[in-house]
Amino acid sequence: MADYRTLDGADVAGKRVLLRLDLNVPMKDGAVTDATRIERAAPTVAELAGKGAKVVVVSHYGRPKGKPNAEMSLQPIVEPLAKAVGRPVAFAPDCIGAAAEGAVAGLSDGDVVLLENLRFHDGEEANDPDFVAGLVKLADLYVNDAFSAAHRAHGSIDGVARKLPAYAGRLMEAELTALTRALERPERPVAAVVGGAKVSTKLDLLGNLVARVDVLAIGGGMANTFLHAGGVEIGKSLAERDLAETVKQIQAKADAAGCDILLAVDAVVADTLAAGVETRTVDILDVPEDKMILDVGPKTVAAIAKRLEGCKTLVWNGPVGAFETEPFDAGTNALAKAAADLTDRGQILSVAGGGDTVAALAHAGVIDRFSYVSTAGGAFLEWLEGKDLPGVAVLKA
(Lines give C-alpha, C1' and ligand atoms only; values in the text may rest on other atoms or scores of the structure.)
Protein backbone atom coordinates (compact mmCIF):
# COMPACT_ATOMS: atom_id res chain seq x y z
CA MET A 1 0.00 0.00 0.00
CA ALA A 2 3.02 2.32 -0.06
CA ASP A 3 1.92 3.43 -3.53
CA TYR A 4 -1.26 5.04 -2.19
CA ARG A 5 -2.01 7.73 0.36
CA THR A 6 -3.80 6.16 3.33
CA LEU A 7 -5.39 7.45 6.51
CA ASP A 8 -2.13 6.73 8.32
CA GLY A 9 -0.81 9.93 6.77
CA ALA A 10 -3.90 12.10 7.26
CA ASP A 11 -4.48 14.63 10.06
CA VAL A 12 -8.27 14.75 10.27
CA ALA A 13 -8.93 16.25 13.72
CA GLY A 14 -11.26 19.22 13.39
CA LYS A 15 -11.29 18.84 9.58
CA ARG A 16 -14.28 18.47 7.29
CA VAL A 17 -13.73 15.12 5.56
CA LEU A 18 -15.67 14.30 2.40
CA LEU A 19 -15.94 10.49 2.57
CA ARG A 20 -17.00 8.71 -0.61
CA LEU A 21 -18.69 5.40 0.15
CA ASP A 22 -20.62 2.93 -1.97
CA LEU A 23 -24.00 2.67 -0.26
CA ASN A 24 -25.70 1.27 -3.34
CA VAL A 25 -27.19 -1.56 -1.28
CA PRO A 26 -30.24 -3.77 -1.92
CA MET A 27 -33.48 -2.25 -0.63
CA LYS A 28 -37.12 -3.33 -0.68
CA ASP A 29 -40.08 -1.19 0.35
CA GLY A 30 -37.71 1.47 1.66
CA ALA A 31 -35.72 -0.89 3.88
CA VAL A 32 -32.17 -2.20 3.45
CA THR A 33 -32.20 -5.96 2.83
CA ASP A 34 -28.43 -6.54 2.79
CA ALA A 35 -26.22 -4.22 4.84
CA THR A 36 -22.90 -5.85 3.90
CA ARG A 37 -21.51 -2.81 2.10
CA ILE A 38 -22.60 -0.51 4.94
CA GLU A 39 -20.96 -2.75 7.53
CA ARG A 40 -17.72 -2.99 5.57
CA ALA A 41 -17.53 0.79 5.23
CA ALA A 42 -18.40 1.51 8.88
CA PRO A 43 -14.84 1.16 10.31
CA THR A 44 -13.59 4.07 8.20
CA VAL A 45 -16.51 6.27 9.25
CA ALA A 46 -15.98 5.34 12.90
CA GLU A 47 -12.23 5.95 12.73
CA LEU A 48 -12.62 9.40 11.18
CA ALA A 49 -15.30 10.43 13.65
CA GLY A 50 -13.29 8.99 16.53
CA LYS A 51 -10.32 11.14 15.54
CA GLY A 52 -12.47 14.26 15.69
CA ALA A 53 -13.25 14.76 12.01
CA LYS A 54 -16.49 16.26 10.76
CA VAL A 55 -17.49 13.34 8.51
CA VAL A 56 -19.46 14.20 5.35
CA VAL A 57 -20.57 10.95 3.69
CA VAL A 58 -21.51 10.92 0.00
CA SER A 59 -22.65 8.06 -2.22
CA HIS A 60 -24.63 7.20 -5.31
CA TYR A 61 -27.68 4.98 -5.38
CA GLY A 62 -29.20 3.43 -8.50
CA ARG A 63 -29.49 5.27 -11.80
CA PRO A 64 -31.80 8.28 -11.33
CA LYS A 65 -30.26 9.95 -14.41
CA GLY A 66 -29.76 13.32 -12.81
CA LYS A 67 -33.27 13.69 -11.44
CA PRO A 68 -34.37 13.46 -7.77
CA ASN A 69 -36.38 10.30 -7.17
CA ALA A 70 -37.89 9.37 -3.81
CA GLU A 71 -37.32 5.67 -4.50
CA MET A 72 -33.58 6.30 -4.89
CA SER A 73 -33.11 8.53 -1.86
CA LEU A 74 -30.35 7.66 0.59
CA GLN A 75 -32.48 8.63 3.58
CA PRO A 76 -33.45 4.98 4.37
CA ILE A 77 -29.73 4.25 4.79
CA VAL A 78 -29.29 6.72 7.66
CA GLU A 79 -30.44 4.32 10.38
CA PRO A 80 -28.48 1.26 9.16
CA LEU A 81 -25.37 3.42 8.78
CA ALA A 82 -25.76 4.84 12.28
CA LYS A 83 -26.21 1.34 13.68
CA ALA A 84 -23.09 0.06 11.90
CA VAL A 85 -20.98 3.05 12.95
CA GLY A 86 -22.27 3.20 16.51
CA ARG A 87 -23.09 6.90 16.53
CA PRO A 88 -25.85 9.21 15.22
CA VAL A 89 -25.92 10.12 11.53
CA ALA A 90 -27.63 13.28 10.29
CA PHE A 91 -29.09 13.64 6.80
CA ALA A 92 -29.11 16.46 4.26
CA PRO A 93 -31.64 16.50 1.39
CA ASP A 94 -29.00 17.47 -1.20
CA CYS A 95 -25.32 16.82 -1.79
CA ILE A 96 -24.38 20.36 -2.93
CA GLY A 97 -25.82 23.81 -2.46
CA ALA A 98 -27.41 25.51 0.51
CA ALA A 99 -28.91 22.38 2.12
CA ALA A 100 -25.61 20.52 2.07
CA GLU A 101 -23.56 23.54 3.12
CA GLY A 102 -25.90 24.24 6.03
CA ALA A 103 -25.75 20.63 7.22
CA VAL A 104 -21.96 20.59 7.12
CA ALA A 105 -21.68 23.96 8.83
CA GLY A 106 -23.69 22.56 11.74
CA LEU A 107 -21.33 19.66 12.39
CA SER A 108 -19.20 19.42 15.50
CA ASP A 109 -16.00 17.39 15.71
CA GLY A 110 -16.92 13.68 15.56
CA ASP A 111 -20.30 14.26 13.92
CA VAL A 112 -21.43 12.39 10.81
CA VAL A 113 -23.83 13.54 8.09
CA LEU A 114 -25.03 11.61 5.05
CA LEU A 115 -25.79 13.73 2.00
CA GLU A 116 -28.44 12.88 -0.58
CA ASN A 117 -27.77 10.75 -3.69
CA LEU A 118 -24.95 12.18 -5.80
CA ARG A 119 -26.64 11.01 -9.00
CA PHE A 120 -29.60 13.31 -8.45
CA HIS A 121 -27.27 15.72 -10.29
CA ASP A 122 -26.08 15.17 -13.87
CA GLY A 123 -22.75 16.67 -12.87
CA GLU A 124 -21.76 13.58 -10.88
CA GLU A 125 -21.51 11.16 -13.80
CA ALA A 126 -20.32 13.93 -16.14
CA ASN A 127 -17.53 14.91 -13.71
CA ASP A 128 -18.73 18.47 -14.24
CA PRO A 129 -16.38 21.15 -12.80
CA ASP A 130 -19.23 23.16 -11.27
CA PHE A 131 -20.64 20.07 -9.52
CA VAL A 132 -17.17 19.14 -8.32
CA ALA A 133 -16.69 22.66 -6.99
CA GLY A 134 -19.92 22.29 -5.03
CA LEU A 135 -18.56 19.18 -3.32
CA VAL A 136 -15.12 20.65 -2.75
CA LYS A 137 -16.71 23.60 -0.92
CA LEU A 138 -17.91 21.16 1.76
CA ALA A 139 -14.55 19.71 2.75
CA ASP A 140 -10.93 20.21 3.76
CA LEU A 141 -9.82 16.79 2.59
CA TYR A 142 -11.18 13.78 0.73
CA VAL A 143 -11.26 10.05 1.51
CA ASN A 144 -12.35 7.43 -1.01
CA ASP A 145 -13.57 4.18 0.52
CA ALA A 146 -15.58 3.06 -2.52
CA PHE A 147 -13.34 0.72 -4.51
CA SER A 148 -16.47 -0.72 -6.10
CA ALA A 149 -17.02 2.64 -7.85
CA ALA A 150 -13.35 3.32 -8.57
CA HIS A 151 -13.70 2.37 -12.24
CA ARG A 152 -15.91 5.43 -12.82
CA ALA A 153 -14.30 8.82 -13.54
CA HIS A 154 -17.19 10.61 -11.83
CA GLY A 155 -17.16 13.88 -9.94
CA SER A 156 -17.03 12.34 -6.48
CA ILE A 157 -14.43 9.75 -7.53
CA ASP A 158 -12.03 11.60 -9.82
CA GLY A 159 -12.84 15.32 -9.83
CA VAL A 160 -12.86 15.96 -6.08
CA ALA A 161 -9.68 13.93 -5.55
CA ARG A 162 -7.85 16.33 -7.88
CA LYS A 163 -8.93 19.37 -5.86
CA LEU A 164 -8.43 18.21 -2.26
CA PRO A 165 -5.77 16.24 -0.35
CA ALA A 166 -6.97 12.70 -1.14
CA TYR A 167 -6.58 9.43 0.76
CA ALA A 168 -7.72 5.81 0.58
CA GLY A 169 -10.12 4.72 3.32
CA ARG A 170 -9.58 1.48 5.20
CA LEU A 171 -11.84 -0.61 2.94
CA MET A 172 -10.15 0.79 -0.18
CA GLU A 173 -6.78 0.10 1.45
CA ALA A 174 -7.78 -3.50 2.18
CA GLU A 175 -8.99 -3.99 -1.41
CA LEU A 176 -5.80 -2.59 -2.91
CA THR A 177 -3.59 -4.58 -0.55
CA ALA A 178 -5.39 -7.83 -1.39
CA LEU A 179 -5.42 -7.20 -5.13
CA THR A 180 -1.77 -6.18 -5.20
CA ARG A 181 -0.82 -9.35 -3.34
CA ALA A 182 -2.93 -11.44 -5.72
CA LEU A 183 -1.72 -10.27 -9.12
CA GLU A 184 0.62 -7.29 -9.01
CA ARG A 185 3.20 -8.77 -6.63
CA PRO A 186 1.98 -12.34 -6.00
CA GLU A 187 3.68 -15.28 -4.44
CA ARG A 188 3.92 -17.90 -7.16
CA PRO A 189 2.65 -20.18 -8.55
CA VAL A 190 -0.58 -18.22 -9.19
CA ALA A 191 -3.86 -19.88 -10.14
CA ALA A 192 -7.11 -18.32 -11.36
CA VAL A 193 -10.58 -19.83 -11.49
CA VAL A 194 -12.84 -18.04 -13.95
CA GLY A 195 -16.44 -18.97 -14.63
CA GLY A 196 -19.50 -17.39 -16.13
CA ALA A 197 -21.79 -17.71 -19.07
CA LYS A 198 -19.96 -15.98 -21.90
CA VAL A 199 -16.42 -15.68 -23.17
CA SER A 200 -17.39 -12.46 -24.96
CA THR A 201 -17.93 -10.61 -21.66
CA LYS A 202 -14.52 -11.65 -20.31
CA LEU A 203 -12.20 -11.44 -23.31
CA ASP A 204 -10.04 -8.70 -21.77
CA LEU A 205 -10.00 -10.52 -18.44
CA LEU A 206 -8.87 -13.82 -19.97
CA GLY A 207 -6.32 -12.09 -22.16
CA ASN A 208 -4.78 -10.37 -19.14
CA LEU A 209 -4.87 -13.38 -16.83
CA VAL A 210 -3.12 -15.82 -19.16
CA ALA A 211 -0.13 -13.48 -19.15
CA ARG A 212 -0.11 -13.18 -15.33
CA VAL A 213 -1.06 -16.55 -13.87
CA ASP A 214 0.47 -20.01 -14.07
CA VAL A 215 -2.78 -22.00 -14.04
CA LEU A 216 -6.17 -20.87 -15.37
CA ALA A 217 -9.19 -23.08 -14.69
CA ILE A 218 -12.20 -22.14 -16.81
CA GLY A 219 -15.75 -23.23 -15.95
CA GLY A 220 -19.35 -22.33 -16.61
CA GLY A 221 -20.76 -21.63 -20.04
CA MET A 222 -17.53 -20.06 -21.23
CA ALA A 223 -15.75 -23.39 -20.76
CA ASN A 224 -18.17 -24.92 -23.26
CA THR A 225 -16.97 -22.39 -25.82
CA PHE A 226 -13.37 -23.48 -25.19
CA LEU A 227 -14.34 -27.16 -25.44
CA HIS A 228 -16.21 -26.55 -28.70
CA ALA A 229 -13.23 -24.66 -30.13
CA GLY A 230 -11.10 -27.70 -29.28
CA GLY A 231 -13.36 -30.01 -31.26
CA VAL A 232 -15.26 -31.49 -28.29
CA GLU A 233 -18.94 -32.24 -28.91
CA ILE A 234 -20.94 -30.33 -26.29
CA GLY A 235 -24.51 -31.28 -27.28
CA LYS A 236 -27.09 -28.55 -26.57
CA SER A 237 -24.84 -26.73 -24.11
CA LEU A 238 -24.70 -22.96 -23.87
CA ALA A 239 -21.72 -21.78 -25.91
CA GLU A 240 -20.58 -19.01 -28.23
CA ARG A 241 -19.68 -21.19 -31.14
CA ASP A 242 -18.72 -18.25 -33.35
CA LEU A 243 -15.82 -17.37 -31.03
CA ALA A 244 -13.75 -20.45 -31.82
CA GLU A 245 -10.96 -18.43 -33.44
CA THR A 246 -10.90 -15.97 -30.54
CA VAL A 247 -10.56 -18.86 -28.10
CA LYS A 248 -7.67 -20.30 -30.11
CA GLN A 249 -5.92 -16.92 -29.89
CA ILE A 250 -6.34 -16.88 -26.11
CA GLN A 251 -4.99 -20.42 -25.91
CA ALA A 252 -2.00 -19.47 -28.07
CA LYS A 253 -1.27 -16.51 -25.79
CA ALA A 254 -1.49 -18.81 -22.79
CA ASP A 255 0.90 -21.30 -24.36
CA ALA A 256 3.39 -18.52 -25.11
CA ALA A 257 3.19 -17.27 -21.52
CA GLY A 258 3.51 -20.74 -19.99
CA CYS A 259 -0.01 -20.66 -18.55
CA ASP A 260 -1.86 -23.98 -18.31
CA ILE A 261 -5.56 -23.73 -19.15
CA LEU A 262 -7.63 -26.35 -17.33
CA LEU A 263 -11.01 -27.44 -18.73
CA ALA A 264 -13.50 -30.07 -17.63
CA VAL A 265 -12.61 -33.74 -17.97
CA ASP A 266 -16.10 -34.79 -16.90
CA ALA A 267 -19.44 -33.00 -16.66
CA VAL A 268 -22.93 -33.15 -15.20
CA VAL A 269 -25.49 -33.10 -17.99
CA ALA A 270 -29.28 -32.88 -18.21
CA ASP A 271 -32.06 -32.17 -20.69
CA THR A 272 -32.67 -28.69 -19.31
CA LEU A 273 -31.65 -26.29 -16.56
CA ALA A 274 -34.29 -26.87 -13.88
CA ALA A 275 -34.44 -28.12 -10.33
CA GLY A 276 -35.21 -31.80 -9.93
CA VAL A 277 -34.32 -32.86 -13.47
CA GLU A 278 -32.62 -36.18 -14.11
CA THR A 279 -28.86 -35.76 -14.36
CA ARG A 280 -25.90 -37.86 -15.51
CA THR A 281 -22.19 -37.48 -14.98
CA VAL A 282 -20.26 -38.28 -18.17
CA ASP A 283 -16.76 -38.10 -19.53
CA ILE A 284 -16.30 -34.81 -21.37
CA LEU A 285 -15.81 -36.72 -24.62
CA ASP A 286 -19.13 -38.52 -24.17
CA VAL A 287 -21.63 -35.66 -23.86
CA PRO A 288 -24.90 -36.79 -25.52
CA GLU A 289 -26.01 -34.63 -28.42
CA ASP A 290 -29.40 -34.00 -26.76
CA LYS A 291 -28.00 -32.96 -23.36
CA MET A 292 -26.62 -29.77 -21.81
CA ILE A 293 -23.45 -29.42 -19.73
CA LEU A 294 -24.59 -27.67 -16.54
CA ASP A 295 -21.78 -28.34 -14.07
CA VAL A 296 -18.28 -29.75 -13.86
CA GLY A 297 -17.99 -33.33 -12.64
CA PRO A 298 -16.16 -34.69 -9.58
CA LYS A 299 -13.05 -35.70 -11.55
CA THR A 300 -12.72 -32.12 -12.79
CA VAL A 301 -13.09 -30.72 -9.28
CA ALA A 302 -10.44 -33.13 -8.03
CA ALA A 303 -8.05 -32.25 -10.87
CA ILE A 304 -8.37 -28.49 -10.30
CA ALA A 305 -8.10 -28.88 -6.52
CA LYS A 306 -4.93 -30.93 -7.02
CA ARG A 307 -3.37 -28.13 -9.06
CA LEU A 308 -4.38 -25.57 -6.43
CA GLU A 309 -2.45 -27.56 -3.82
CA GLY A 310 0.73 -26.64 -5.63
CA CYS A 311 -0.10 -22.93 -5.85
CA LYS A 312 0.51 -20.05 -3.43
CA THR A 313 -2.05 -17.54 -4.76
CA LEU A 314 -5.60 -17.91 -6.10
CA VAL A 315 -7.82 -15.39 -7.86
CA TRP A 316 -11.45 -16.47 -8.29
CA ASN A 317 -14.12 -14.90 -10.49
CA GLY A 318 -17.38 -16.64 -11.31
CA PRO A 319 -19.01 -20.03 -10.64
CA VAL A 320 -17.99 -23.16 -12.58
CA GLY A 321 -21.57 -24.38 -13.00
CA ALA A 322 -25.18 -23.20 -12.88
CA PHE A 323 -24.91 -22.87 -9.09
CA GLU A 324 -28.26 -21.10 -8.65
CA THR A 325 -30.10 -24.35 -9.46
CA GLU A 326 -29.50 -27.55 -7.49
CA PRO A 327 -27.85 -29.96 -8.08
CA PHE A 328 -25.73 -27.92 -10.48
CA ASP A 329 -24.14 -26.10 -7.55
CA ALA A 330 -22.15 -29.17 -6.54
CA GLY A 331 -19.03 -28.43 -8.58
CA THR A 332 -18.73 -24.81 -7.46
CA ASN A 333 -19.44 -25.79 -3.84
CA ALA A 334 -16.83 -28.54 -3.81
CA LEU A 335 -14.12 -26.46 -5.50
CA ALA A 336 -14.81 -23.47 -3.26
CA LYS A 337 -14.52 -25.67 -0.18
CA ALA A 338 -11.24 -27.10 -1.45
CA ALA A 339 -9.88 -23.57 -1.90
CA ALA A 340 -11.15 -22.58 1.55
CA ASP A 341 -9.44 -25.61 3.11
CA LEU A 342 -6.13 -24.61 1.51
CA THR A 343 -6.63 -21.06 2.79
CA ASP A 344 -7.37 -22.33 6.30
CA ARG A 345 -4.12 -24.28 6.27
CA GLY A 346 -2.17 -21.23 5.16
CA GLN A 347 -1.15 -22.87 1.89
CA ILE A 348 -2.73 -20.28 -0.39
CA LEU A 349 -3.78 -16.64 -0.50
CA SER A 350 -7.31 -16.63 -1.94
CA VAL A 351 -8.87 -13.46 -3.38
CA ALA A 352 -12.31 -13.52 -5.00
CA GLY A 353 -14.85 -11.07 -6.36
CA GLY A 354 -16.98 -9.82 -9.23
CA GLY A 355 -20.41 -10.69 -10.56
CA ASP A 356 -21.97 -13.84 -9.14
CA THR A 357 -18.84 -14.78 -7.24
CA VAL A 358 -19.89 -13.40 -3.86
CA ALA A 359 -23.27 -15.14 -4.11
CA ALA A 360 -21.66 -18.41 -5.19
CA LEU A 361 -19.15 -18.42 -2.32
CA ALA A 362 -21.86 -17.47 0.16
CA HIS A 363 -24.00 -20.31 -1.17
CA ALA A 364 -21.07 -22.67 -0.68
CA GLY A 365 -20.70 -21.44 2.90
CA VAL A 366 -17.07 -20.37 2.52
CA ILE A 367 -17.21 -16.61 2.01
CA ASP A 368 -15.56 -16.00 5.39
CA ARG A 369 -12.85 -18.57 4.75
CA PHE A 370 -11.24 -16.90 1.71
CA SER A 371 -8.39 -14.47 2.40
CA TYR A 372 -10.35 -11.63 0.84
CA VAL A 373 -13.69 -11.41 -0.95
CA SER A 374 -14.38 -8.18 -2.82
CA THR A 375 -17.95 -6.91 -3.07
CA ALA A 376 -16.88 -4.71 -5.98
CA GLY A 377 -18.35 -5.89 -9.28
CA GLY A 378 -17.26 -3.83 -12.27
CA ALA A 379 -14.19 -2.40 -10.56
CA PHE A 380 -12.93 -5.85 -9.61
CA LEU A 381 -13.41 -7.10 -13.16
CA GLU A 382 -11.68 -4.09 -14.71
CA TRP A 383 -8.78 -4.61 -12.32
CA LEU A 384 -8.59 -8.27 -13.43
CA GLU A 385 -8.57 -6.99 -17.00
CA GLY A 386 -5.47 -4.95 -16.21
CA LYS A 387 -7.14 -1.57 -16.63
CA ASP A 388 -6.22 1.56 -14.68
CA LEU A 389 -9.03 2.59 -12.35
CA PRO A 390 -9.57 6.38 -12.20
CA GLY A 391 -10.51 6.32 -8.52
CA VAL A 392 -7.28 4.50 -7.65
CA ALA A 393 -4.97 6.45 -9.94
CA VAL A 394 -5.76 9.77 -8.23
CA LEU A 395 -4.80 8.34 -4.82
CA LYS A 396 -1.26 7.42 -5.81
CA ALA A 397 1.40 8.99 -3.64
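A salt bridge is a side-chain nitrogen of Lys or Arg within 4 Å of a carboxyl oxygen of Asp or Glu. In this predicted model, local features need pLDDT of at least 70, side-chain atom pairs count only at pLDDT 80 or more, and totals for chains, interfaces and linings use all residues. Residues are numbered from 1 along each chain as its sequence is written, and side-chain values use heavy atoms, leaving out hydrogens and water. The count comes to 21 salt bridges.

**Asp 8 and Arg 170**

- Asp 8 pairs with Arg 170 in a salt bridge, with 2.8 Å between the closest N and O atoms.
- Asp 8 sits in the segment before strand S1 (16–20) and Arg 170 in helix H7 (residues 170–184), so the bridge ties together parts 162 residues apart in sequence.
- Helices (H or I, at least four residues) and strands (E, at least two) are DSSP runs, numbered from the N terminus.
- Asp 8 is exposed at 62% relative accessibility, while Arg 170 is partly exposed at 23%.
- Buried means under 20% relative accessible area, exposed over 50%, and partly exposed in between (1.4 Å probe, protein chains only).
- A network of salt bridges links Asp 8, Glu 47, Lys 51, Arg 170 and Glu 173.

**Glu 124 and Arg 20**

- A salt bridge joins the side chains of Glu 124 and Arg 20, at 3.6 Å from N to O.
- Glu 124 belongs to helix H4 (residues 122–126) and Arg 20 to strand S1, 104 residues apart.
- Both residues, Glu 124 and Arg 20, are buried.

**Arg 162 and Asp 158**

- Arg 162 and Asp 158 form a salt bridge, their closest N and O atoms 3.0 Å apart.
- Arg 162 is exposed, at 59% relative accessible area, whereas Asp 158 is buried, at 8%.
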